[in-house]
Amino acid sequence: MDNDIIKAYRQKALIANNQDTRRSRQEPMPLAEKPVPEDAAIIRLPEPDLLDDHEVSFLELIECRATIREYKDTPLTMKELSYLLWCTQGVKMMPSPYVTRRNVPSAGARHAFETYLYIDRVEGLRPGLYRFLALGHVLMEIDVSDGIKEKLGEAFYHRPAFENSAITFIWAADYQRMEYQFGVRSLQYLFIDAGHVCQNLYLSAYTIGTGVCAAGAFDDELLNSALKIDGDNDFAVYAAHAGKM
Ligand SMILES: Cc1cc2nc3c(=O)[nH]c(=O)nc-3n(C[C@H](O)[C@H](O)[C@H](O)COP(=O)(O)O)c2cc1C
């Protein structure tokens, strides 16, 4: 049964069979970021130009990267949060409203993720659910009500790492942004792209004494529902918990 699914996917997703896309039909390109409601509460982050660099031996960084599931109570600063967001999804260039160049690679430079954050301990921020707006390098508040931590926590199978993290990153696909160029093959590109993003989180977090635990084991429906996304075009692909070591 599973083999049939894989076979069917591979047949449909073969590059040679995949020429009929919205791009090949010259349809309008999807925007590089999901729309932001007009009344959204926007929170500025320290600008990327003002971030401190952190010198680390390259081999130390590669060899010491490890999954950390327990964190100190110490909060992260806004500057550290800004640094992690810059390293994972920072926009370096925007040649048009449809195309971005970022600090991670992405198939066709489609960069089809929106970053959601459950923030528990960042100085100056109320605990709650936020979205990172990469184009403006700012945060948008989504839900800072009391029940949101519980709701998100129910979605993660390894709950303690979520419970005691300072920040949980959740990367959710905007499927049409990738599908525009790659059709059915988009799914595998989204999964590969997510790995690049999370690896940059592991590495950048290490340089500021912060541990990371990648999280792929979650209940999709519960997580999408907690993020208030439809689970159809927009769906969580990957997540990671982080906190001070
Ligand atoms: C795709 C992926 C999904 C993962 N999902 C989880 C998870 O849901 N919960 C968890 O505790 N660790 C998760 N991990 C972390 C792995 O368990 C960890 O990387 C592995 O044990 C190797 O340890 P290391 O990262 O310290 O080298 C995941 C890692 C990857 C790459």
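Begin with helix α6, where Arg177, Met178, Glu179, Tyr180, Gln181 and Phe182 are buried; a residue is buried if 20 or more other C-beta atoms lie within 10 Å of its own, exposed if 12 or fewer, and partly exposed in between, with C-beta atoms placed from the backbone. The model is a predicted one: local features need pLDDT of at least 70, side-chain atom pairs count only at pLDDT 80 or more, and totals for chains, interfaces and linings use all residues. Residues are numbered from 1 along each chain as its sequence is written.

Select residues 175-182 to display the whole of α6, a mostly covered helix with six of its eight residues buried. Helices (H or I, at least four residues) and strands (E, at least two) are DSSP runs, numbered from the N terminus. The buried residues of α6 pack against β7 and α7, contact meaning that the C-beta atoms of two residues, placed from the backbone, lie within 7 Å. Just after α6, select Gly183, which takes a positive phi of about 55 degrees.

Next, select helix α3, residues 78-89. Its 12 residues reach 16 Å from the first C-alpha to the last, close to the 16 Å expected at 1.5 Å a residue; the expected span is 1.5 Å times one less than the number of residues. How many residues of α3 are buried? The count is 10 of 12, and Leu84, Trp86 and Thr88 are among them.

Now colour the largest nonpolar core, which has 62 residues. Such a core is a set of buried Ala, Val, Leu, Ile, Met, Phe, Trp, Tyr and Cys residues joined through C-beta atoms within 7 Å. Trp171, Ala172 and Leu201 have the most contacts inside this core, and α7 gives the most to it, with nine residues. Centre the view on Leu201: its contacts, not counting residues up to four places away in sequence, are Leu84, Thr88, Phe169, Val212, Ala240 and Ala242.

Turn to the loop between β3 and β4, where Ala109 is placed. Phi of Ala109 is near 50 degrees, a positive value in a residue other than glycine. His111 lies in the loop between β3 and β4 and has a positive phi of about 40 degrees although it is not a glycine. Ala109 is partly exposed, with 15 other C-beta atoms within 10 Å, whereas His111 is buried, with 24.

Thr210 is buried, with 24 other C-beta atoms within 10 Å. Leaving aside residues up to four places away in sequence, Thr210 touches Leu76, Ala205, Ala242, Gly243, Lys244 and Met245.

Finally, zoom out to the whole chain. Its secondary structure comes to eight helices and nine strands. Of its 245 residues, 39% count as buried.
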